[in-house]
Amino acid sequence: MIKEKFRKKSFLIVGLGISGISLHNFLKNQKIKVLSWDDNELARKKAKNKGISITQIESIDYSNIDFIVFSPGVASNKPNEHPIVKKSKKFNCLIISDLDLIYFLNYNYIKIGITGTNGKSTTTSCVNHICNMSQQFSLACGNIGKPFSSLKFDRKIENLIVEASSYQLERLKYARFNISLLLNISKDHLERHKNMKNYINAKLNIFKKQEQNDFAIISIDNYYTRKIVKDFKMNFKSNLIQVSCKKILKNGLSVVEKENKLIIQNNISNQSFMINKNDLKGLDGNHNLENIIATYAICHLLKISDVSFKKYLKTFKGLAHRFEYVATFGKIMIFNDSKATNVESSKVALSNLKNIFWILGGRPKSGGINGIEKYLHQVKMAFIFGEAKDNFSDNLKKHIKLEKFKKLRPAFEKAINIAKEKDEEINILFSPACSSFDQFKNFEERGNYFKKIVKLSLKTLLKNE
């Protein structure tokens, strides 16, 4: 399974979360020398319980290490670089991404890399769904929550579809994608990357190893991506395909909305077709237009027919925690957008609804809630919780009515109790615009908790009616 030239290489894995443990087991099964370490004592104990031997950090002989793989969440750049980084420089150990192991595989899959600040999980899942339904057998992995090293590889697999985060891409050294997609770029993860230049450069690594017969797909509906497109030919070798959901491109792929229908315009092949927007239950909201045209671009390159694309796009169910409809209570509709871990994501959600009771909060990211003002015209009231409550309140109180809470549950309960007294339709939108790490392990745990408290609250309200 691993290319012969890498079989005698040795690896050090730093960080024993899901991806680290999966990679350790994968390499061990390939009979490749691998050492493992995690700074967290509890993580080391959990790894030991799963049969993984831990090498004490003080006893590692770096002269016998070829590759160091940090888990995506472990920083390897200044000023927060891990102490092992200094050792790697001294002994010429190469720090690589877990995604680089894709290059080491001895298979000829079509490798598809998908990145962007927002929308990459939905696009990855949608492409995977359409491919498999069209009898192009595919696997989706990466930042979507399934490490590639946990997959059961098969010669029958045709496409490997990889969601790539900036954390993974910043250390990419080997992996080459036959098709690479960049959806959009907005301010995010600056606590890790420190500035936009570093963040953008990390994203651009998805195109770095591409060759002249490869394809790069970029949406031009974004300030940063338009600049990348402008200089693309000077920096990269692959064939550029531009996509847009805001205008018809003369030499690209576009989607526009007209009378509740979506028109896909392919001006590369001079063809077009329509989709009834009401048929796309799993891709509701205007923010999904970018995901749709990006998915179409990949499917077009994979020679999936327009008929199949249209047919199976309708059967895609969408992903949890991404502008997810949860419940209706009288005139109240409730949406879970826990995946909105930054203000840009929340802007998109706010743009899709009217009469909004907005629940937000958590641990604020760099830039906080800045730039949200022009998206507040449909927000009737905000309910702010967690570490962000004071800072966000100071920014929002000039524009909208709001209340502050320590935790999510009382914020939601107050929102629904006020909403049920209104004589108009209200949309309760949980779109945090923050990371989850003040009170939850991740956005999935946060979103599942939100859905749980919605269910409990509605049960109580229905009982009392």
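Mentor: Let's begin with accessibility, where buried means under 20% relative accessible area, exposed over 50% and partly exposed in between (1.4 Å probe, protein chains only). Tyr62 has a relative accessible area of 5%, so Tyr62 is buried. Before going on: this is a predicted model, where local features need pLDDT of at least 70 and side-chain atom pairs count only at pLDDT 80 or more, while totals for chains, interfaces and linings use all residues. Residues are numbered from 1 along each chain as its sequence is written, and side-chain values use heavy atoms, with hydrogens and water left out.

Trainee: Which aromatic pair does Tyr62 form, and how is the pair arranged?
Mentor: A pair of aromatic rings is described by the distance of the centres and the angle of the planes. Rings of Phe, Tyr and Trp (its six-membered ring) pair if their centres lie within 6.5 Å; planes under 30 degrees apart are stacked, over 60 edge-to-face and the rest tilted. The whole structure has 29 aromatic pairs. One of them joins Tyr62 and Phe91, stacked at 6.2 Å centre to centre with 25° between the planes.

Trainee: Why does this pair tie together parts that are apart in sequence?
Mentor: Helices (H or I, at least four residues) and strands (E, at least two) are DSSP runs, numbered from the N terminus. Tyr62 lies in the loop between helix H2 (41-49) and strand S3 (67-70), and Phe91 in the loop between helix H3 (83-90) and strand S4 (94-96), so the pair links parts 29 residues apart in sequence. Phe91 is partly exposed, with a relative accessible area of 33%.

Trainee: Where does the charged end of Lys3 sit?
Mentor: A charge counts as over a ring if NZ of Lys or CZ of Arg is within 6 Å of the ring centre and within 35 degrees of the ring normal. The charged end of Lys3 is over the ring of Tyr103, 4.0 Å from its centre. Tyr103 also belongs to an aromatic cluster with Phe6, Phe11, Phe67, Phe104 and Tyr174.

Trainee: What is the order of the strands in the open sheet of six?
Mentor: Two strands pair if DSSP finds at least two bridges between them. Here the order is S14-S15-S19-S16-S17-S18, with mixed pairing. S14 (324-329) and S18 (401-405) each have a single partner strand, so one side of each is left without a neighbour in the sheet. S14 runs antiparallel to S15 (residues 332-336), joined by five bridges, and Phe329 has Ile332 in S15 as its bridge partner.
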